[in-house]
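This report describes the surroundings of the ligands and the contacts between aromatic rings. The sequence and structure are shown first.

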Amino acid sequence: MTDNIRRGAEKPGEAERQEGFMQKCAALLDRREAETGHRMTFRVTTFGCQMNAKDSEKLEGILEQCGFVREDDERKADFNLYNTCTVRENASERLYGHLGLMKSLKEKDPRRLVGVCGCMMQEKDEAEKMRSRYPYVDLVFGTHNIYRLAELLYRTLTTGKQVQEIWDGTDSIVEDLPQDRKYSFKAGVNITYGCNNFCSYCIVPYVRGRERSRSPKDIVRECEKLAADGVKEVMLLGQNVNSYGKGLEENITFAQLLREVEQVDGIRRIRFMTPHPKDLSDELIEVMAQSEKICRHLHLPLQSGSTRILQRMNRRYTKESYLALVGRLRAAMPDLALTTDIIVGFPGETEEDFEDTLDVMRTVRYSSAFMFIYSPRTGTPAASYPDQVPENTVHERFDRLLTLEQKIAAEECGKDAGKVMDALVEDMSPKDPGMVTGRLSSNLMVHFPGDAALIGQIVPVRLLRSGGFYYIGEMAGRNGAD
Ligand code: 5AD
Ligand code: SF4
């Protein structure tokens, strides 16, 4: 679904300029359809995180305004755009397989278009590599200028040459452009862009630039517009949401922003990603605890349980301060579900350090965890640390952590069996056509008998039993449902 969200662009006139290019592209595509009898189609393939998924919704919105029609089959789409991730090496490697496929398809049909954008293109040498090794790629751009897609595409369509535009950074936020939201009932809303933390393993600050906050007025207005469109759940997005507000004219904290978003009628649930443990304030805990709308789930990246490793990671908290924070959160919200990110095999990680990570996992009892094998990223400080951990040690540790995580997650998932909880129905169940899949406030999923008419509704569900990392349930009557 496409909605033209109109907000005050921070770069005056830019949105209108881009709209002009969308119209020009649309005229070119009309002409092509008249010539070939075929309307050009597109597919955006997204790698990586929620920020990239959100960017892809914007890219898709622009492409629809440019006159393209969505095609889910990569082999059939006339224009394939890859929104890349570079946070770990395997994320980068996956792109090349897709480009190989595009090369062979383009040899058969040279009118196809291929574009590559996103974090990986912001890396040193990547754009040059596209020029020299992947000349059949038509369009290359980065993370700071996605709003210029129509203009860049117009250049590609009119010159037939590879068009490249990578910016080192940007101060501006241009947003009153189309977006094609994936779900009608839930939506991501950017609140900050970029990151200033420079964790020593992480490439994000280099590819997404310095942190910039959107104005609270713009954020609230977007939420109001989404609510009017039927959205019930918003996810506020930023690399480090806790530092929201820095650099803005208004004096506002993330907790205060949450209070404002809470006032928006029609928004029934609020989530956010990602808070950094180093500056999660007591004010935020209080706002969460008092709120009817903020979900009882917090994704709180740990990365490592060892204070020594955390220091080398430049995370700016200790094992003890992290555990103390979890203690304050749980004291205020005993039903809070916690999830996390953990890196295994960071340079210099000893068996003792790893034991600390296991210890935190046992103490906190996450309902789920994303675990990653450390991947050196060129240009980050940790990539040149001398004491990289041998591969077999890393794999062995990873397996131990995974085993513990699965055991704890399964135990945590069973805890609420027998209770009735609200679920936002997101989809038909992938396995059983008679069942739907809903998301609980805790972020766990529940499968229960129902039909497509329930999708987008918040309904009470009795959790009958745990399926390991999800629940099987049944609808518990319509009282309190919307
Ligand atoms: N190697 C492994 N994992 C990483 N992450 C970020 N950078 C790296 C890296 N170089 C993980 C962190 C982060 C998540 C998004 O990706 O755990 O929280
Ligand atoms: Fe990367 Fe750390 Fe910023 Fe997260 S907070 S994006 S891990 S530098």
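Which residues are around ligand 1? In this predicted model, local features need pLDDT of at least 70, side-chain atom pairs count only at pLDDT 80 or more, and totals for chains, interfaces and linings use all residues. Residues are numbered from 1 along each chain as its sequence is written, chains are lettered from A and ligands numbered from 1 in the order in which they are written, and side-chain values use heavy atoms, with hydrogens and water left out.

**Ligand 1**

The residues around ligand 1 are Val 87, Arg 88, Tyr 201, Gln 303, Asp 341, Ile 343, Phe 372, Ile 373, Tyr 374, Ser 375 and Arg 377; a residue is counted if one of its heavy atoms lies within 4 Å. Strands β15 and β16 each supply at least two residues of this shell; strands are DSSP runs of E with at least two residues, and helices are runs of H or I with at least four, numbered from the N terminus.

| Residue and atom | Atom of ligand 1 | Distance |
|---|---|---|
| Arg 88, polar side-chain atom | oxygen | 2.8 Å |
| Tyr 201, backbone N or O atom | nitrogen | 3.1 Å |
| Ser 375, polar backbone atom | nitrogen | 2.7 Å |

The protein covers 86% of the 410 Å² of accessible area that ligand 1 has on its own, as computed by the Shrake-Rupley method with a 1.4 Å probe.

**Ligand 2**

Tyr 201 also belongs to the residues that surround ligand 2, as do Cys 195, Asn 197, Phe 198, Cys 199, Cys 202, Val 204, Pro 205, Gln 239, His 276 and Arg 315.

**Aromatic contacts**

The whole structure holds 13 aromatic pairs, in which ring centres of Phe, Tyr or Trp (its six-membered ring) lie within 6.5 Å, with planes under 30 degrees apart counted as stacked, over 60 as edge-to-face and the rest as tilted. Phe 198 and Tyr 206 are edge-to-face, because their ring centres are 5.4 Å apart and their planes stand at 80°. Phe 346 and Tyr 385 are also edge-to-face, with centres 6.1 Å apart and planes at 85°. Phe 346 lies in the loop between β15 (337–344) and α12 (351–364) and Tyr 385 in the loop between β16 (368–373) and α13 (391–414), so this pair ties together parts 39 residues apart in sequence. Phe 346 is buried at 0% relative accessibility, whereas Tyr 385 is partly exposed at 23%; buried means under 20%, exposed over 50%, and partly exposed in between (1.4 Å probe, protein chains only). Tyr 201, Phe 346, Tyr 374 and Tyr 385 form one aromatic cluster.

Key
A polar contact is a pair of N or O atoms within 3.5 Å; within protein, one must be able to donate a hydrogen and the other to accept it, and residues adjacent in sequence count only if both atoms are side-chain atoms.
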